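Hi everyone, thanks for coming. I'd like to walk you through one model today, so please have a look at it first.

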Amino acid sequence: MERKAVVLNSKDNVATALTDLQAGEVVEMEVDKGAISVTLVDSIPFGHKFSLTNIKLDLPIMKYGEIIGKATADIKPGQHVHVHNVASTRGRGDIAK
Amino acid sequence: MSFWGYPRLDGAIGTRNYVGVISTVACANDVAQWIAKQVPGCALFAHQQGCGQAEPDMELVHCTLTSLGCNPNLAGVLLVSLGCEGPIDDIMAGIATSRKPIASVVIQELGGASAAVAEGSRLARQMAMDASAIRREEVDDSKLMIGVKCGASDPTSGLASNPSIGAACDMLIEKGGACIFGETPEMMGAEHILANRAASPEIGRKIIEIVNRMEQRSLAMGVDMRGANPSRGNIAAGLTSIEEKSLGAIVKGGTTPIKGVCEYGERPEGSGLFIVDGPGQEPKAVTALAAAGAQVILFSTGIGAPHGFPFVPVIKVTANPKTYQQLSEHIDFYVDIGGGASHKELGYDILMETLAVASGKKTKAENLGYVNFTDIWTAGTTF
């Protein structure tokens, strides 16, 4: 069976879609040789990310086993994770320091 | 392994054999272009800089032009100057250290554009005739420096094409070759990984320094960098933050120790993996790789970046199947994620393609002539 999505590191709380995925689809992925399964809340375009866990406001988003930003809202498993609910923490001249 | 290249007097090997017609200031671009167009065997380098800039930027422009002139893909160099931008003796002297033929024309001294085109064409034609007598020889692949760049990235860049290119870099470096990558903004959020791979603590500190310096520029502007980098296209394709883009970008250099960090326009010495400071924007980022001495460039793209470079072949690599199908006239190599091959196996195939291009096989960008409109990056403003 063709893989629908990939989790790059066991620390990650998001997966990347390897094809266009529809809301309601159940996506199975391999993490550290174990299988996990997530039911998609949103449709996820090719290359975009969805959540694997409950991610609370302000907590880090993890991909490649590294921090790629922080949640700007509570995110549920299967939700689209992108600029609408993730802020970058770098190059932020707009935030007064 | 080996490739067939043009031997130069300083021991370097060219993968192409052009006479470089290099404009020293934006105001000389047209004349440089007219000369390059009418003399077969010439490659134009034009840009928007060279005047009205503070001393550090003027030095950076002269350093970059000197380094470009020294690139082994150029058999000879003709500098085209307006005149009032200031003397170009330092550029002439710098390029002369590579022992290749070099000449110049100064538009204001010669009595205008027509006279400069006539004299410049005469000089370039002689150099092109001489260059045509140089034959390719088989040389060890340790004589190669690959420049590495990613542009119009999408999530497939970090997942597949960049790590496969990285594997190709690891293989070339193991054989004694060199690789260089830049795009300092795309180290933000991943600089700790690169610094940990630095060959010395000093090099590690320099990596952190160039990233902080670049980030300060966005802080000084009082803006969120998102939208500029990652670009609007990156974001539409699924890249959420500069951190995510960076983590996918840095793997294009492979996994070997970082042997040095160059300022923009500088050339590294020796073999191994190097970093050059500069922006991600293509016309300026690819210039930094050519100035560093790269004789061939591996360029990964997700969405489809078509741009090459006037005298360094740029090999376009994608892992996005839609891009490969829709933009096949721009893509040289497809990294098939679904094929089951490892990054190492794909990296080997990429290195073989690189050696073929280094030996004379044309890239899609060369074949289309999609190679002009370069520029030089400067840190400060224009006055």
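Let's start inside chain B: the centres of domain 1 of chain B and domain 2 of chain B, taken over C-alpha atoms, are 28 Å apart. Domain 1 covers 18–131 and domain 2 covers 139–368, with bounds that come from an automatic or database domain assignment. A quick word on the source: this is a predicted model, where local features need pLDDT of at least 70 and side-chain atom pairs count only at pLDDT 80 or more, while totals for chains, interfaces and linings use all residues. Residues are numbered from 1 along each chain as its sequence is written, and chains are lettered from A and ligands numbered from 1 in the order in which they are written.

So where do the domains touch? Domain 1 of chain B brings 15 residues to the contact and domain 2 of chain B brings 13; in contact here says that the C-beta atoms of two residues, placed from the backbone, lie within 7 Å. On the domain 1 side, β3 (18–23), β4 (42–45) and α2 (55–70) of chain B each supply at least two residues, and α2(B) has the largest share, with six. Helices (H or I, at least four residues) and strands (E, at least two) are DSSP runs, numbered from the N terminus.

Now to the neighbour: 26 residues of chain B are in contact with 22 residues of chain A. On the chain B side, α6 (155–174), α8 (201–221) and α10 (242–249) each give two or more residues, and α8(B) gives the most, five.
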